[in-house]
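Q: I'm new to this one. Can you walk me through it?
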Amino acid sequence: MRVVAAFWVLNYVNAMTRRSIILHPDPRLKKTCPPVETVDDDIRALADDMLETMYEAPGVGLAAPQVGVLKRVFVMDCNREDAGKEPTVCINPEIISASEVMVTSEEGCLSIPDIYDDVTRPETVRLRFLDRNGKVEERDLDGLWSTCAQHELDHLNGKLFIDYLGAVRRTMITNRMKKVKKEKARA
């Protein structure tokens with residue numbers, strides 16, 4: 001199964017602003033994000049922008065550092081049958097339990113477009129987070145939802161999916177992305 005951190009196209013509320021997605025290598029993608037102190041209108045606006053950006057990209061998940069904001073916020077919507085039905089905003093997320101059973105899925109990332117590789121993670125997790133209104137939620141996640149939440153939480157901790165790969169593969173991907181960024185800069 002191919003898991004991409006940002007995946008389906010949708011027409012979302014046009015009143016929001018699409019943000020630019022930062023490409024690897026970029027030092028902002030390697031920073032640990034501090035917690036959000038207060039869930040306010042600015043954080044809700046960020047989450048709305050991120051959802052629009054994720055859907056337009058297209059994707060199933062997006063973390064704040066990927067749009068240049070170093071805050072502990074990510075969004076996801078892994079509902080493949082009805083994309084846009086379950087937009088989830090996770091503020092100050094933390095995994096409070098994970099299964100011992102591990103699964104390997106092919107992952108990708110909007111900050112590393114068109115590159116995919118296998119990553120092994122816990123099959124299920126219990127995620128605690130604040131929703132867009134500052135209410136504490138806990139969810140048991142499995143399948144794509146579990147993989148996506150773990151992938152996006154890694155972003156908040158300055159870790160990319162390629163950090164799970166061997167040094168040679170990681171270097172090859174980074175060099176390829178440097179070329180992509182140079183080509184985009186020339187265009």
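Q: Where does Asn92 lie?
A: Asn92 lies in strand S4. Keep in mind that this is a predicted model.

Q: What is its phi, near what value?
A: Phi of Asn92 is near 50 degrees. That is a positive value in a residue other than glycine.

Q: And Asp114, what about its phi?
A: Phi of Asp114 is positive too, near 65 degrees, and Asp114 is not a glycine either. Asp114 lies in strand S6.

Q: Is Asp114 buried or exposed?
A: Exposed. The relative accessible area of Asp114 is 60%, and over 50% counts as exposed.

Q: What does S6 pair with?
A: S6, residues 112-122, pairs with S5, residues 102-109. The sense is antiparallel, over seven bridges.

Q: How many residues does the hairpin between S5 and S6 run through?
A: Two residues join S5 to S6 in that hairpin.

Q: Zoom out. How many helices and strands does the protein chain have?
A: Three helices and eight strands. Along the sequence, the pattern reads β-α-β-β-β-β-β-β-β-α-α.

Q: How much of the chain is buried?
A: Of the 187 residues, 48% count as buried.

Q: What share of the contacts join residues at least 24 apart?
A: 69%, among contacts between residues at least 6 apart in sequence.

Q: On to the helices. What covers the buried residues of H1?
A: The cover includes strands S2 (61-63), S3 (73-76) and S4 (88-98). Among the buried residues of H1 are Ile43, Leu46, Met50 and Tyr55.

Q: What span should H1 have, and what does the model give?
A: H1 covers residues 41-56, so at 1.5 Å a residue its 16 residues should span 22 Å. The end C-alpha atoms are 22 Å apart, which agrees.

Q: Now H2. Why call it largely enclosed?
A: Because 13 of the 14 residues of H2 are buried, the rest of the structure largely encloses this helix.

Q: Which residue follows H2 with a positive phi?
A: Gly158, with phi near 75 degrees.

Q: Where is Trp145 found?
A: Trp145 is found in helix H2. Trp145 is buried, with a relative accessible area of 16%.

Q: What is Trp145 in contact with, leaving aside its neighbours within four places in sequence?
A: Met76, Asp77, Cys78, Asn79, Glu86 and Thr88.

Q: How many residues apart along the chain are Trp145 and Cys78?
A: They are 67 residues apart along the chain, yet their C-alpha atoms are separated by 5.9 Å.

Q: Which residues does a cis peptide bond join?
A: His24 and Pro25, with omega about -5 degrees. Pro25 is in the loop between strand S1 (2-4) and H1. The bond from Ala57 to Pro58 is also cis, with omega near -5 degrees. Pro58 is in the loop between H1 and S2.

Q: Last topic, confidence. What pLDDT does the protein chain average?
A: The average is 90, and 88% of the residues score at least 70.

Q: Where does pLDDT stay under 50?
A: Over residues 1-15. The model has 51 contacts for that stretch beyond four places in sequence. Where pLDDT is low, the predicted coordinates should not be read in detail.

Note on methods. Residues numbered from 1 in each chain as written. Predicted model: local features only at pLDDT ≥ 70, side-chain atom pairs only at ≥ 80, totals over all residues. Heavy atoms only, no water. pLDDT = per-residue confidence, 0-100. Contact = heavy atoms within 4.5 Å. Pairing = 2+ DSSP bridges. Helix = DSSP H or I, 4+ residues; strand = E, 2+ residues; numbered from the N terminus. Buried < 20%, exposed > 50% of the residue type's maximum accessible area, 1.4 Å probe, protein only. Expected span 1.5 Å × (residues − 1).
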